[in-house]
Amino acid sequence: SLADKKVSGGDKALFAMGLIYVHYDNPERDYRKSLECFARLVAEYPQSPLVEQAKIWVNILDIIEKEKQVDFEIEQKKKDLDRQEQ
């Protein structure tokens, strides 16, 4: 079971930081920094019992970042169209 596996301090710290950066109540919320923490955990601690959860977070945050990019691109296209119509 997961409880039987020993979790080193590094993976626990990265996981905790990832959660802090993604927390909705954190005024300093930063999805990119959160993504970096979870991705580092996966890369540097492949045997950690936290890897599966970290991978899920990486996927979720990747989707959020892509959505934000699409929203930004739509806004840019709208501005371009507005300029062309004037």
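A residue is classed as buried when its relative accessible area is under 20%, as exposed when that area is over 50%, and as partly exposed in between. In the predicted model considered here, tryptophan 57 has a relative accessibility of 25% and therefore counts as partly exposed. Phenylalanine 38, at 0% relative accessibility, counts as buried.

A search of the whole structure identified two aromatic pairs. In one of them, phenylalanine 15 and phenylalanine 38 are arranged edge-to-face, with a centre-to-centre distance of 5.4 Å and an angle of 70 degrees between the planes. Because phenylalanine 15 belongs to helix 1 and phenylalanine 38 to helix 2, this pair ties together parts that are 23 residues apart in sequence. Phenylalanine 15 and phenylalanine 38 are both buried. The ring of phenylalanine 38 also pairs with that of tryptophan 57; the centres are 5.6 Å apart and the planes lie at 5 degrees, so this pair is stacked.

Helix 3 comprises 35 residues (51–85) and reaches 51 Å from its first C-alpha to its last, close to the 51 Å expected at 1.5 Å a residue. Within helix 3, Val51, Ala54, Leu61 and Glu65 are buried. The buried residues of helix 3 pack against helix 1 (9–22) and helix 2 (31–44).

Definitions and conventions
Residues numbered from 1 in each chain as written. Predicted model: local features only at pLDDT ≥ 70, side-chain atom pairs only at ≥ 80, totals over all residues. Heavy atoms only, no water. Helix = DSSP H or I, 4+ residues; strand = E, 2+ residues; numbered from the N terminus. Expected span 1.5 Å × (residues − 1). Buried < 20%, exposed > 50% of the residue type's maximum accessible area, 1.4 Å probe, protein only. Contact = heavy atoms within 4.5 Å. Phe/Tyr/Trp six-rings, centres within 6.5 Å; stacked < 30°, edge-to-face > 60°.
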